[in-house]
Amino acid sequence: MNAEGRGRLDRMPEWTALAQHREKLGEVGLRELFAGDPERAGRYSLRAGDLHLDYSKHLVTDETLALLRDLAAAAGVAGLRDAMFRGEKINNTEGRAVLHTALRAPHDAVVEVDGENVVPAVHSVLGKMCVFANKVRGGQWTGHTGKPVRAVVNIGIGGSDLGPAMAYEVLRPYTARELTFRFVSNIDGADLHEALRDLDPETTLFVISSKTFTTIETITNATSARSWLLDGLGGDETAVARHFVAVSTNASEVAKFGIDPANMFEFWDWVGGRYSYDSAIGLSLMIAIGPDHFREMLAGFHLMDEHFRCAPPEENAPLLLGLLGIWYGNFHDAQSHAVLPYSHYLSRFTAYLQQLDMESNGKSVDRDGRPVSWQTGPVVWGTPGTNGQHAYYQLLHQGTKMIPADLIGFARPAGELDDRLAAQHDLLMANLFAQGQALAFGKTAEEVEAEGVPAEQVPHRTFRGNHPTTTILAPELNPSVLGQLVALYEHKVFVQGAVWNIDSFDQWGVELGKVLAKRIEPALTEGADVPGLDASTAALVSRYRALRGR
Ligand code: F6P
């Protein structure tokens, strides 16, 4: 799919209208906007599945929202969305369909790629995963010496790690606590060392997760894990079949590595790496939380898919979040976007979103290869509250940068907490609400003066306010809500890529570094000449070799 039929974004009348509106609106204040509309909080909130979204604390008016929706319509967001759901090859630089939504489609759905319905294959792999996960959880999947598995080590990187690792943390209260789960990604040997140092090869299962099965980090770590296993089990190669399973699209590389193809869980090239944790890439997660909870999570994804597909533009949460991001990134010069979950269990959520958003929309040419002259994806960052409040919130409140933020919280604490710890939840949530309020409305110099603060301190204690936030509130953090949240962000990223007219589903930008690392390695190990090495890198290579005594 190319950009036929649509003009350059910055030449669209809808774009110009937004630029003019931005100028006219000037530095409109949230205090003013709320004062002028007592219904604002109610009017500027919506429901998507179990998620309640309050977007009233944004620097927008009815006109802004209408103009943003006009832009989405003119940019063809709905058409591209429908093409995605239909299985058209909207990843144009790789000639691939983009069908993570098929991974959570009900078994009677029909989604065709090249004339073939992919849903039966999705459910067949899901079924195979369920059987395997139940065997491991129930102790029927035994290792080479007949002992049941006690530890599962997922080896993968990027989309083959961040999703399951994040979701495992989020859903810890749902996990089989008697089993140990580790997620190894880094080529730094320290990662695998720390993961394996207290594990027993007899009871350890490795899940090697890699879409391509050629990723250097994963294959290197998997090879080292294999040696660790064989060293621990007396070198009998047949042990590998009981202790290694693979998740991949590449059966021949899996076989080459020595993993029994019967122990491979398949997925497909129409699932992007960063959109894959609800495919077989979630196998470790499924072993942890069990098939039923995994299916609840898929149902949550599907619920948000349906909301995105069917909700009218005025009530469409991913559309709205995507457009608000465009408002700030393209019309307020915001460079970054903070995601601030008020849940300890969401500690890796923002790291997961970094790949989802930045690998998708970190692009500077449009679908036709022409340089864009508008800002694309923001820097996404953040950590759970309240910790961040004691670290970087100072900059959010009183710094010079415009940083829109999402505040995410839950009405009920995690079910496992005892009464004393559960009682802390109100304090956690009071902080979330307080931050939204302080960021939006600040504290004026007059208010500070009225407190009797000495005149010279007033500027230091004044809060400008007008820092926009979306508050996302759900009843509790459970598998379905996690699915809904992830799909919400997936589709938000989609909306932005569609408006910016970029291909959100390729990632050519990660290739160059990989190629250069392969070229540089022999220089480090053998002192080999690397043709074309620049002077700075050459000097660093020599310094490194000297420090290593080579
Ligand atoms: O970082 C580039 C990338 O291709 C990601 O998009 C992907 O999730 C990751 O590497 C891992 O790739 P694979 O699953 O093929 O090992």
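1. Helices (H or I, at least four residues) and strands (E, at least two) are DSSP runs, numbered from the N terminus. As for provenance, this is a predicted model, where local features need pLDDT of at least 70, side-chain atom pairs count only at pLDDT 80 or more, and totals for chains, interfaces and linings use all residues. Residues are numbered from 1 along each chain as its sequence is written, and side-chain values use heavy atoms, with hydrogens and water left out.

2. Now the hairpin itself. β1 and β2 make it with two residues between them, and G49 in the turn has a positive phi of about 60°. Strand β1 (residues 45-48) runs antiparallel to strand β2 (residues 51-54), and four bridges join them. R47 has H52 in β2 as its bridge partner.

3. On to β13. β2 is also joined to strand β13 (residues 469-474), by three bridges in the antiparallel sense; here D54 has T471 as its bridge partner. β13 runs parallel to β12, with six bridges between them, and L407 stands opposite T471 in β13.

4. Zooming out, these strands belong to an open sheet of six, in the order β1-β2-β13-β12-β10-β11, with mixed pairing. β1 and β11 (379-381) are the edge strands, each pairing on one side only. From one strand to the next, the twist averages 20°; axes are lines fitted to C-alpha atoms, for helices over the stretch in contact, and angles run from 0 to 180 degrees between N-to-C directions.

5. Two helices to look at on that sheet. Helix α14 (residues 317-331) packs on it, touching β1, β2 and β13, and its direction makes about 130° with that of β1. α15 packs on it too, touching β10 (336-341), β11 and β12, with its direction at about 165° to that of β11. Contact here means heavy atoms within 4.5 Å.

6. α15 has a helix partner as well. Helix α15 (residues 349-361) and helix α21 (residues 479-500) pack at an angle of about 25°, with their axes 10 Å apart. That makes α15 roughly parallel to α21 (angles under 35 degrees count as roughly parallel, over 145 as roughly antiparallel, 65 to 115 as roughly perpendicular and the rest as oblique). Residues making the contact include F349, Y352 and L353 of α15 and L482, L485 and Y489 of α21. By class, the contact has ten nonpolar, four polar and two charged residues (Ala, Val, Leu, Ile, Met, Phe, Trp, Tyr, Cys and Pro count as nonpolar, Asp, Glu, Lys and Arg as charged, and the others, Gly among them, as polar).

7. Have a look at D406, found in strand β12 (residues 405-410). Is D406 buried or exposed? D406 counts as buried, at 2% relative accessibility (buried means under 20% relative accessible area, exposed over 50%, partly exposed in between, with a 1.4 Å probe and protein chains only). Leaving aside neighbours within four places in sequence, D406 is in contact with H337, A338, V339, L340, T470 and Y489.

8. Five strands form an open sheet in the order β6-β5-β7-β8-β9, with parallel pairing. β6 (180-184) and β9 (264-266) stand at the edges with a single partner strand each, so one side of each is left without a neighbour in the sheet.

Methods:
Two strands pair if DSSP finds at least two bridges between them.
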